[in-house]
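User: I have a model open and want to go through a few parts of it. Can you take my questions as they come?

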Amino acid sequence: MKRVVLPIFVLLFGGCSGVQDATNPVSPQARMLADLWWAMCIVATLILLAVMVALLTGVWRSRGRRGEAPLNRRQSRNLVLAGGVTLPAIVLPMVLISSVTIHGKLASGPPDDALTVEVIGRRWWWEIRYLDKGNRAVAVTANEIHIPVGRPVKFLLRSRDVIHSFWVPNLAGKVDLIPGQTNTAWLTADRAGAFRGQCAEFCGVQHTNMAFWVVAEPPEIFSNWLARESGPAIEPLDPVVARGQQVFLSSACTMCHAIRGTAARGQVAPDLTHLASRRTLAAGILPNNRGNLAGWILDPQHIKPGNRMPPINFDADSLHPLLSYLESLR
């Protein structure tokens with residue numbers, strides 16, 4: 001029995017912790033959703049217990065009474081009316097009112113001084129653009145969103161291909177990204193930390209590997225990060241790094257990727273200007289280190305089958321300087 005029950009509990013509660021956990025909210029918006037979930041869970045548990053008690057009571061009372069019902073006609077009718085009519089008539093309006101109230105608060109919109117971040121869903125990665133008051137992009141990155149603790153952040157959510165869904169369980173609820181339409185979401189992080197987000201709408205073969213990170217940090221650290229992120233790539237001084245830049249600029253990489261400050265201005269793949277400062281590669285599925293970067297360049301289809309990046313066959317004399325150059329993009 002233990003061999004059956006223990007794995008079930010591990011599966012049920014294993015996801016309720018860590019950096020992707022809706023029951024551990026770190027923003028007022030996520031806290032409202034978590035409170036509603038816990039209230040519904042408690043009510044549903046009480047109803048389940050009541051049903052089980054009624055079931056077991058009926059089984060117990062029917063022992064030894066072949067052909068005789070455990071309840072008479074009037075008792076059966078009262079039980080159906082109480083459990084099937086009265087109880088839902090009380091519980092469901094309460095859930096409806098709570099849901100509508102919370103939705104109204106979430107849909108009210110952020111204050112005017114909110115930071116604006118545009119999130120564009122693509123198969124299967126996230127383009128992140130930080131906008132100024134005139135909605136001009138001042139910084140562009142991919143698969144990693146930095147936000148200041150304590151300041152409201154407004155997200156403009158768009159899609160370039162199919163329907164995606166933006167979900168950071170610790171910080172906010174799900175909001176869809178729909179082609180041809182701009183949806184909005186907003187949140188305010190209560191404390192610093194890194195929280196995993198995920199596409200929550202099936203969008204193709206690599207849907208499950210379309211992740212991203214939200215990094216909440218103190219305002220002064222965020223301001224320094226955004227200032228660095230807004231600038232172009234630093235011109236290499238090391239000969240090996242300079243050789244790597246030449247390899248990159250003379251390859252097919254420039255057809256898809258951009259590195260600000262260089263001739264690489266591709267628009268269909270992640271901006272690589274500050275690639276080395278990111279935590280992960282391939283939309284959150286690989287730690288950002290030299291080995292994973294080499295594997296991703298040489299054979300991305302083995303790592304993430306079906307993604308849009310083709311393999312590029314660099315020889316060792318080209319690959320190692322290229323990796324050094326990409327690692328310098330901080």
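User: In which sense do strand S2 and S3 pair, and over how many bridges?
Analyst: S2 (residues 125-131) and S3 pair in the antiparallel sense, over five bridges. Two strands count as paired if DSSP finds at least two bridges between them. Strands (E, at least two residues) and helices (H or I, at least four) are DSSP runs, numbered from the N terminus.

User: What stands opposite arginine 129?
Analyst: Valine 140 in S3.

User: Before I go on, what kind of model is this?
Analyst: It is a predicted model: local features need pLDDT of at least 70, side-chain atom pairs count only at pLDDT 80 or more, and totals for chains, interfaces and linings use all residues. Residues are numbered from 1 along each chain as its sequence is written, and side-chain values use heavy atoms, with hydrogens and water left out.

User: Back to the hairpin. How many residues lie between the strands S2 and S3?
Analyst: Five. Asparagine 135 is in that loop, and its phi is near 60°, a positive value in a residue other than glycine.

User: Where is the cis peptide bond?
Analyst: It joins arginine 123 and tryptophan 124, with omega about -5°. Tryptophan 124 is in the loop between strand S1 (115-122) and S2.

User: New topic. Which domains does the assignment give?
Analyst: Domain 1 (20-54 + 86-230) and domain 2 (239-328); the bounds come from an automatic or database domain assignment. Their centres, taken over C-alpha atoms, are 29 Å apart.

User: How many residues are in contact between them?
Analyst: 20 residues of domain 1 with 20 of domain 2, contact being heavy atoms within 4.5 Å.

User: And how many salt bridges across that interface?
Analyst: Zero by the rule, which asks for a side-chain nitrogen of Lys or Arg within 4 Å of a carboxyl oxygen of Asp or Glu.

User: Which elements give two or more residues to domain 1's side?
Analyst: Strand S3 (137-142), strand S10 (211-217) and helix H4 (219-230).
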